Amino acid sequence: MARYLLTRAWQSALTLLLSTIVVFVGVRALPGDPALALAGEDRSPEALEAIRRHYGLDQPLPVQFAQYVERMAQGDFGVSIRTGTPVSSMLTTALPVTVELSILAILLATVLGVGAGVLAAVRRGRPAEWLANGLALIGLSVPHFWLGLLAILYLSVATGLFPASGFVPFLDDPVDNLHHLVLPAVILGTGLAAIIMRQTRSAMLDSLSSDYVRTAKAKGLRPRAVITRHALRNSLIVVVTVVGLQLGGLISGAVVTEQIFGLPGFGKMTIDAVFQRDYPVIQAVVLLTAAAYIVINFLVDLLYSVIDPRIRVTGEPA
């Protein structure tokens, strides 16, 4: 196991380094000059040169990259070009909002998706399966922005059940915090719940037709025990894989939901940084997202052996 952990750590570090290079070069390939945006109306050559010199934009790319990696290793992601605020403090403010929203969306999607998928597989060919498949198709087809606008219109404006926008930190008021995040989490988790439902149904159908399930039934086990202990547990490998990949995607992909509900999270900060050509913020956002994917994939691989003891930590069957 120690050898496997060292190998994965080396691979993760290499992946993160390559991601850093790609992000650093790609951000500077974006059209537009941040010095022009910072100069405002005073776009004289002297002012532009002073701005580039102050932020190190006049240095060759290898020098800029070396300086950036050195600062990043010390936990310094630089200073926002537009606001002059340290990027690390901006991340500290925005990231908890998106992480909490993503975790709530994942929990809701997992509960609904796994439950509907198991029900559709057990009740195959019956109205329950048709209903689950229909709801999954709607969840995959309806865009988040349209569903979010409808939710605000009917559940916030018309009935006042949920706030239409805003955010309250969890430590300030946990109840009000959940009250503001439940509706965005439901909207964000609809598509994921549909994906989990389809994957769970497919995996459950394979498990229910396998030899070990037939043997369990022949031994006289109750149907509930056969479904939960045998069929569902062996189907969770697919579910864990989907949830792990989607969690990293939600952290970086909650842009539309946060914009609609006015949440001061990761996605809104990313959009603002892209429009303002704020290189340090864009780099920090993308690198943090890449790091989240790497860590989550590593944890998913370790979780495989917990769910199914036949799978070694190396990822090979025992």
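Let me begin with Leu-17, which sits in helix H1, the helix that spans residues 2-28. Please keep in mind that what we see is a predicted model. Is Leu-17 buried, exposed or something in between? Its relative accessible area is 42%, so Leu-17 counts as partly exposed. Leu-17 also belongs to a nonpolar patch on the surface, together with Trp-10, Leu-14, Leu-18, Ile-21 and Val-25. Taken together, the residues of this patch have about 570 Å² of accessible area.

Let me now step back to the protein chain as a whole. It contains 13 helices and zero strands. Its C-alpha atoms fill a box of roughly 85 × 60 × 35 Å along the principal axes. The chain has 318 residues, and 39% of them count as buried.

How many residues does the largest nonpolar core have? It has 35, and the ones with the most contacts inside it are Leu-101, Leu-192, Ile-196 and Met-204. At least two residues of this core come from each of the following: helix H5 (87-122), helix H7 (144-158), helix H8 (174-208), helix H9 (211-218) and helix H10 (223-253). Helix H8 gives the most, with 11 residues. A second, separate core has 20 residues, among them Val-23, Leu-91, Ile-282 and Leu-287.

The next residue I would point out is Ser-102, which lies in helix H5. With a relative accessible area of 0%, Ser-102 is buried. To give a sense of distance, the C-alpha atoms of Ser-102 and Ile-227 are separated by 29 Å, while along the chain these two residues are 125 residues apart.

A word on annotation. An unreviewed UniProt entry assigns the label "transmembrane region" to residues 101-122, 134-157, 177-197, 236-261 and 281-304. What does the model show over two of these spans? Residues 101-122 are 100% helix and 0% strand, and the end C-alpha atoms of this span are 32 Å apart. Residues 177-197 are likewise 100% helix and 0% strand, with 28 Å between the end C-alpha atoms.

I come now to charged pairs. The structure holds three salt bridges, and I shall take them in turn.

In one of them, the side chains of Glu-49 and Arg-53 meet at 3.8 Å, N to O. Both residues lie in helix H3 (residues 45-54), four residues apart, which is about one turn of the helix. Glu-49 has a relative accessibility of 35% and therefore counts as partly exposed.

In another, the side chains of Arg-201 and Glu-129 meet at 2.5 Å, N to O. Which parts of the chain does this pair tie together? Arg-201 lies in helix H8 and Glu-129 in helix H6 (residues 127-141), so the pair ties together parts that are 72 residues apart in sequence. Both Arg-201 and Glu-129 are buried.

The remaining salt bridge joins Arg-214 and Asp-211, whose closest N and O atoms are 2.3 Å apart. Because these residues are three residues apart in helix H9, about one helical turn separates them. Arg-214, at 46% relative accessibility, counts as partly exposed, whereas Asp-211, at 53%, counts as exposed.

Finally, I would draw your attention to Ser-207 in helix H8. Is Ser-207 buried or exposed? Its relative accessibility is 6%, and the cut-off for buried is under 20%, so Ser-207 counts as buried. Apart from neighbours within four places in sequence, its contacts are Tyr-212, Val-213, Ala-231, Asn-234 and Ser-235.

That concludes my remarks. Thank you for your attention.

Notes
Residues numbered from 1 in each chain as written. Predicted model: local features only at pLDDT ≥ 70, side-chain atom pairs only at ≥ 80, totals over all residues. Heavy atoms only, no water. Patch = residues over 30% accessible without salt bridge, like charges linked within 9 Å, V, L, I, M, F, W, Y side chains within 5 Å. Areas by Shrake-Rupley, 256 points an atom, 1.4 Å probe, with all protein chains shown as cover. Salt bridge = Lys/Arg side-chain N within 4 Å of Asp/Glu carboxyl O. Buried < 20%, exposed > 50% of the residue type's maximum accessible area, 1.4 Å probe, protein only. Core = buried A, V, L, I, M, F, W, Y, C linked by side-chain atoms within 4.5 Å. UniProt positions renumbered as here; feature names shortened; annotations may be inferred. Contact = heavy atoms within 4.5 Å.
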